[in-house]
Amino acid sequence: MREVKQPITHVIFDLDGLLVDTEPTFTDVNTKVMAKWGKTFTLDLKPMTMGRAHDEAIDLMIEKVGLKGIVSRQQYDEIYDKLLWEALPKCPLMPGALRLVQHLAKNNIPMAICSGSRSKEFEYKIMNHKELTNLIPLMVKCSDDPEIKRSKPFPDPFLVTMSRFENPPEDPSRVVVFEDAANGVLAAVEAGMHVVMVPDPTYSTPPVQVIDRITQVLKSLEDFKPESLGLPPRLLSLSKIQSNSFIVSYKQFSNLRLATHVIFDLDGTLLDSEHIYSNACQQIAYKFNRPFTTTLRSALIGLAQKEATPLILEKTGLKDDLTVKEFNELLNLVLSPMLTKSTMMPGALQLVKHLASHKIPMAICTSSSRSECRLKLENSELATLIPLVVTGDDPEIKNSKPAPDPYLVTMSRFKKKPNRPTNVLVFEDSLVGVQAAKSAGTRVTLVYDRRYAVPTANLDVDYIANSLEALDLASLGLPSYCSNL
């Protein structure tokens with residue numbers, strides 16, 4: 001294995017089979033297409049084509065199965081693309097992919113994706129994974145990039161990608177490439193870069209001719225330790241410590257930034273209520289033949305009503321029909337019967353019950369009014385589990401989110417005050433909420449809903465998840481679920 005003599009400064013990811021689990025889809029689609037001409041797609045074709053540009057891969061397969069001169073690439077693609085466009089958006093992320101990318105983004109490590117994909121094909125693959133790709137600003141699609149003359153296994157794709165970083169690395173040896181395919185490994189080695197191979201043994205094995213020049217071979221991205229390449233380490237996962245007592249772990253690993261207090265936003269974080277507001281506003285807008293766009297819906301998330309209403313009136317044109325007071329009266333009339341039907345977000349009750357069992361002080365800090373909050377929580381267990389609730393119409397809050405006031409006021413009302421703001425962990429679903437919490441000096445976990453917004457690469461946040469069910473609590477400094485055992 002190749003030794004790392006200088007810390008890695010830049011990271012390049014392959015896409016297929018490395019970040020997104022597309023390889024089984026390619027196998028399935030090629031099997032169906034070849035069957036049209038009575039041919040079989042065998043697994044020995046897979047490693048030959050993995051990582052190559054599209055046209056090269058198709059031409060190679062047509063030749064290998066004996067269809068050359070019988071079927072053109074265009075004929076093959078006509079059937080192939082129709083099946084592929086339908087299947088690719090359903091491909092999930094590979095295990096550990098999102099967590100690794102989030103970690104590197106949080107630590108400002110420049111990242112890129114270098115894929116053999118065509119541009120249109122690439123967009124279908126990432127269509128439902130913006131939570132990952134929005135954190136990687138540089139994406140190179142080799143199949144139709146005019147600067148790339150030769151595809152993997154030649155070094156051109158990785159050398160071009162390296163040259164396009166905003167601040168390019170000093171030397172290729174400061175770059176690590178993550179690859180699952182032998183062709184990609186050969187390209188990275190030839191480019192002079194370090195390479196971590198994460199092969200699927202069904203399709204691929206490390207190429208023997210460069211085995212001593214591969215830096216690491218892993219079973220999964222979940223096994224990667226960033227510090228092994230001089231990258232910032234992840235927080236120690238307390239869930240992996242064999243201990244029946246979380247208190248022992250607390251004392252033994254006191255160097256972690258432990259969360260002693262937790263504050264939750266309400267709408268979109270604990271309760272699935274964002275769509276209720278959107279639907280109510282939409283009903284009013286449509287009543288006056290005014291548009292209510294998805295962009296406006298996203299912009300309203302986290303805003304108090306006193307900020308939200310003028311924005312709605314301005315962006316929809318309702319300012320010509322209604323005053324702020326009239327709109328709010330209509331909105332409250334529409335909202336009241338809907339709010340009592342608010343349901344909890346996935347994982348919310350489990351998390352709150354778990355923290356309560358460990359006597360972690362909790363609070364809710366919401367932009368909603370006291371009366372709205374009461375309606376939302378009247379049929380929920382949350383009200384009894386979280387006694388401290390601070391609402392948007394609290395007289396002590398002079399400025400609402402994104403100002404820090406709501407979180408500063410909430411922290412001041414805990415019976416047992418946190419030692420410092422960094423001991424407080426806030427769960428938020430909105431960008432304005434994240435800004436408010438960070439301005440108050442707390443740590444923040446963004447639990448975003450891709451229906452309304454996705455995180456951006458420069459977002460100042462400590463952790464990103466797309467569900468409260470997807471949390472590694474120990475890495476947040478909270479007692480892990482296994483500590484209940």
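Pro-153 is found in the loop between β3 and α8; helices (H or I, at least four residues) and strands (E, at least two) are DSSP runs, numbered from the N terminus. A cis peptide bond joins Lys-152 to this proline, with omega about 20°. The model is predicted: local features need pLDDT of at least 70, side-chain atom pairs count only at pLDDT 80 or more, and totals for chains, interfaces and linings use all residues. Residues are numbered from 1 along each chain as its sequence is written, and side-chain values use heavy atoms, with hydrogens and water left out.

Pro-402 sits in the loop between β9 and α18 (405-412). Asn-108 has a phi near 60°, a positive value in a residue other than glycine. Its place is the loop between α5 (97-106) and β2. Most residues other than glycine have a negative phi, and most peptide bonds are trans.

The domain assignment of the protein gives domain 1 (10-18 + 92-229), domain 2 (22-90), domain 3 (261-269 + 345-476) and domain 4 (273-340). Such bounds come from an automatic or database domain assignment. The centres of domain 2 and domain 4, taken over C-alpha atoms, are separated by 50 Å.

Strand β1 (residues 10-13) pairs with strand β4 (residues 175-179) in the parallel sense, over four bridges. Within this pairing, Val-176 of β4 is the bridge partner of Val-11. Contact here means heavy atoms within 4.5 Å.

Another open sheet has six strands in the order β9-β8-β7-β10-β11-β12, and the pairing is parallel. β9 (388-390) and β12 (463-465) stand at the edges with a single partner strand each, so one side of each is left without a neighbour in the sheet. Neighbouring strands of this sheet are turned by 20° against each other on average, direction ignored. Strands β7 (residues 261-264) and β10 (residues 424-428) pair in the parallel sense over four bridges. Val-262 stands opposite Leu-425 in β10. Helix α19 (residues 431-439) lies across β10 and β11 (443-447), at about 170° to β11.

Two helix pairs involve α14. The axes of helix α11 (residues 274-287) and helix α14 (residues 324-339) come within 9 Å and cross at roughly 135°. That makes α11 oblique to α14; angles under 35 degrees count as roughly parallel, over 145 as roughly antiparallel, 65 to 115 as roughly perpendicular and the rest as oblique. Residues in the contact include Ile-276, Tyr-277 and Ile-284 of α11 and Phe-327, Leu-330 and Val-334 of α14. The axes of α14 and helix α16 (residues 370-377) come within 8 Å and cross at roughly 30°. These two helices, α14 and α16, are therefore roughly parallel to each other. Their contact is made by Asn-332, Leu-335, Ser-336 and Leu-339 of α14 and Glu-372, Leu-375 and Lys-376 of α16.

Note on methods. Axes fitted to C-alpha atoms, helices over the stretch in contact; angles between N-to-C directions. Pairing = 2+ DSSP bridges.
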